[in-house]
Amino acid sequence: MAAASSRTVRGFKRWMKSNGVECSDAILLVSSDDGDSVDSSRSFSIYVKALCDLKEGDVVARIPKQSCLTVRTTAACGLIEEAQLVGNSGLAVAIMYELSLGARSKWFPYLQILPPFEDIPLLWPIKDIDYLLSGTEIHQAAREDKTLVYQDWKEYIKPLIDSASYELNSNFFTLEKYCAARSLISSRSFQIDEYHGFGMVPLADLFNHKTAAENVHLTLDSDDAEGGMESVDDSDSFWTSRNESAFMEMIVVKGVKAGTEVFNTYGSVGTAALLLRYGFSEPDNPYDIVNVDLNLVIHWSSSLLTSRQSRKRLRLWRKLKQHSNHDTDYFEISHDGEPEAELMTLLHVMSLPEKEFDDLDHDAISAAEEAVRENLVFFPGGGNEKKSKTSKKPSSSLLRQAVGKALVSLADAREDLYGWGSLDDDIRSLERCCQVSEPKLYYSLLLRISERRIIQNLRSWAKGI
Ligand SMILES: C[S@@+](CC[C@H](N)C(=O)[O-])C[C@H]1O[C@@H](n2cnc3c(N)ncnc32)[C@H](O)[C@@H]1O
C-alpha cells in the first residue's frame with residue numbers, strides 16, 4: 001500500500017503550505033512503506049533526502065512557531081491552563097486532545113504522518129524490560145519511567161476524564177493513549193522557547209539522527225529574533241517577547257551530497273539514552289559509558305575486609321570526596337575502559353594493608369588522590385611514576401596488583417548483572433537478529449554489546465596497571 005503513505009505525505013505537504021511551513025525544494029520526504037496497512041497504525045517510516053548538493057548555511061526549512069503543537073497553540077490550551085498541567089503531561093493532553101478532534105484538529109494532516117507511538121522501553125511490558133535490559137545502564141530508569149508515567153496519568157489525566165465539565169472523549173485519554181503520547185514527546189519534541197516550552201515541531205521531526213555526524217540543526221531564526229514580533233496582528237503577539245522569533249529554521253551545518261539522507265542530531269547521547277528516549281540505538285557510539293555502583297565496590301570489599309574495616313575506609317573516602325566534585329554513588333567507566341579517578345582512589349584506600357591504612361592521615365590520602373588524578377601512580381604506561389611525596393606506598397607493586405585485581409573483580413561483578421549469555425553469545429544473537437521484525441531485541445543487543453565491550457576494555461585497562 002505504498003499509495004497510503006504517499007497520500008499521507010502529500011496531505012502533510014499541503015498542510016505545511018497552508019500553515020506557512022516552508023520546506024525547501026532541495027529536500028524530499030521519503031516514506032519507506034512496509035506495504036501491509038491502510039489503517040491508522042502507521043506502517044511506514046519517513047526520512048529526509050537531499051535532492052541536490054546542500055552546503056553549510058543553506059536553510060532547508062522555516063517553521064512558524066504557531067504551526068507547532070504546544071500547550072499554547074492547542075485547542076485544549078484553556079483546559080490545560082485550568083487544570084494547571086505543565087511539562088510532559090500538559091503536552092501529552094494537547095496531543096491526545098487534538099487526536100480526539102480527528103479531522104477537526106488544526107494538526108490533522110500532521111498527526112496522520114506521526115506513528116501512533118514510538119516503541120520506547122516505556123511501552124514495553126515489564127518482563128521485556130527485565131529480560132532485554134537487565135544489567136544495562138537503563139534497566140532501572142525504564143522501570144521507574146513506567147511507574148512515574150502511570151502515577152502521572154492517575155494524578156493528572158484520570159481526573160480530567162472523570163470530570164463532567166471537560167466533556168472529553170475518554171477513549172482518547174486512556175493510560176495506553178497517554179503512554180503513546182509520552183513516547184511521541186520523548187522521541188520527537190523540541191524545546192521551542194520560554195513561552196511555548198517544548199512542543200511538536202512539524203517537518204523538523206522527520207529528520208533521523210546520526211551520532212556526531214549530523215547535517216542540520218534546528219535553530220531560532222535570528223533575523224526575526226532581532227526584528228521582533230510586535231507587528232504581528234494576532235493575540236499571540238502579546239505573549240511573544242520582542243526578542244523571540246516567530247520562526248524556527250533547519251540550517252545545514254555540514255554539506256550533504258545529492259541523493260543521500262539528511263540527518264539531524266538528537267544530542268551527544270550514548271546508546272542507552274538513544275534506546276530509552278527514542279527506541280533505537282546505533283553501533284560504535286563514542287558517547288557510551290558504563291557505571292559501576294558503589295554497592296558493587298562495597299560488596300567486593302567484603303572479600304578483603306570486615307564490615308567494620310570497610311565502613312571505616314568508606315568514611316575516610318567520603319571525607320576526601322567532599323573536596324572533589326564527585327557527588328554520586330557510582331563511578332563512570334569511559335568508552336575505552338578507563339575508570340573514574342574517584343574509583344581508583346576508593347580501591348586504593350580499600351586495598352591498603354590494615355597497618356598502612358591506620359598510618360595514613362588525611363593529607364597523605366589527599367596527596368595520593370592527586371597523584372592518581374595526575375596519572376602518577378596507578379595509571380599504566382611506565383615512566384610516569386614520578387616519586388611524589390606520597391607515592392612511595394601507593395605505587396608499590398603489591399598495591400598496584402591489588403587495585404588491578406579489584407578492578408577485574410568489579411568488572412566480573414558488573415558483567416554478572418547482564419544475566420544471560422556471554423558477550424560472544426550477544427554478538428552471535430545480533431548477527432541472527434532482524435532489525436525490522438525484532439527491533440526491541442536488536443537494539444537491546446546493541447546496547448548490551450556496547451556496554452560489555454567497555455567492561456572488557458576495563459579488564460584490559462586493569463591488567464595494564
Ligand atoms: C524524530 S523521529 C524521525 C523521523 C522518523 N523516522 C519518522 O518516520 O517519523 C525519531 C524516530 O525516528 C527513528 N530514528 C531516528 N534516527 C534513527 C536511526 N539512526 N536509526 C533508526 N531509527 C531512527 C526512531 O524510531 C526515532 O524514535
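**Exercise 1.** Is T328 buried or exposed?

*Solution.* The model is a predicted one, in which local features require pLDDT of at least 70 and side-chain atom pairs count only at pLDDT 80 or more, while totals for chains, interfaces and linings use all residues. Residue numbers start from 1 along each chain as its sequence is written. A residue is buried if 20 or more other C-beta atoms, placed from the backbone, lie within 10 Å of its own, exposed if 12 or fewer, and partly exposed in between. T328 has 12 other C-beta atoms within 10 Å and is therefore exposed. This residue is found in the loop between helix 11 and strand 12 (330-333). Helices (H or I, at least four residues) and strands (E, at least two) are DSSP runs, numbered from the N terminus. The C-alpha atoms of T328 and Y178 are separated by 33 Å, and the two residues are 150 apart along the chain.

**Exercise 2.** Determine where L203 and A212 lie, and state whether each is buried or exposed.

*Solution.* Begin with the backbone. Most residues other than glycine have a negative phi. L203, which is not a glycine, has a positive phi of about 75 degrees. For A212, also a residue other than glycine, phi is positive and near 55 degrees.

Next, locate the residues. L203 belongs to the loop between strand 6 (197-200) and strand 7 (208-209). A212 belongs to the loop between strand 7 and strand 8 (216-220).

**Exercise 3.** Which residues of helix 10 are buried, and against which elements do they pack?

*Solution.* Helix 10 (residues 294-301) has L296, V297, W300 and S301 as its buried residues. These lie on the same side of helix 10 because they cover an arc of only 135 degrees around the axis, the arc being that of the directions from the helix axis to the C-beta atoms. In general, an α-helix has 3.6 residues a turn, so residues three or four places apart point the same way. The buried residues of helix 10 pack against strand 11 (290-293), helix 11, helix 12 and helix 15 (397-416). Such packing rests on contacts, two residues being in contact if their C-beta atoms, placed from the backbone, lie within 7 Å.

**Exercise 4.** Describe how helix 11 and helix 12 cross, and list the residues that make the contact.

*Solution.* The axes of helix 11 (residues 307-321) and helix 12 (residues 341-351) come within 9 Å and cross at roughly 145 degrees. Axes are lines fitted to C-alpha atoms, for helices over the stretch in contact, with angles from 0 to 180 degrees between N-to-C directions. The crossing is right-handed, a term used if the near helix is turned clockwise from the far one by less than a right angle. Helix 11 contributes R313, L316, W317, L320 and K321 to the contact, and helix 12 contributes E342, T345, L346, V349 and M350. By class, the contact has six nonpolar, one polar and three charged residues. Ala, Val, Leu, Ile, Met, Phe, Trp, Tyr, Cys and Pro count as nonpolar, Asp, Glu, Lys and Arg as charged, and the others, Gly among them, as polar.

**Exercise 5.** How many residues does each domain bring to the contact between domain 1 and domain 2?

*Solution.* The domain assignment, automatic or from a database, gives domain 1 (64-278) and domain 2 (290-463). Domain 1 brings 12 residues to the contact and domain 2 brings 15 residues. On the side of domain 1 that touches domain 2, helix 5 (126-132) and helix 9 (271-278) each supply at least two residues. Helix 9 gives the most to this side, with three residues.
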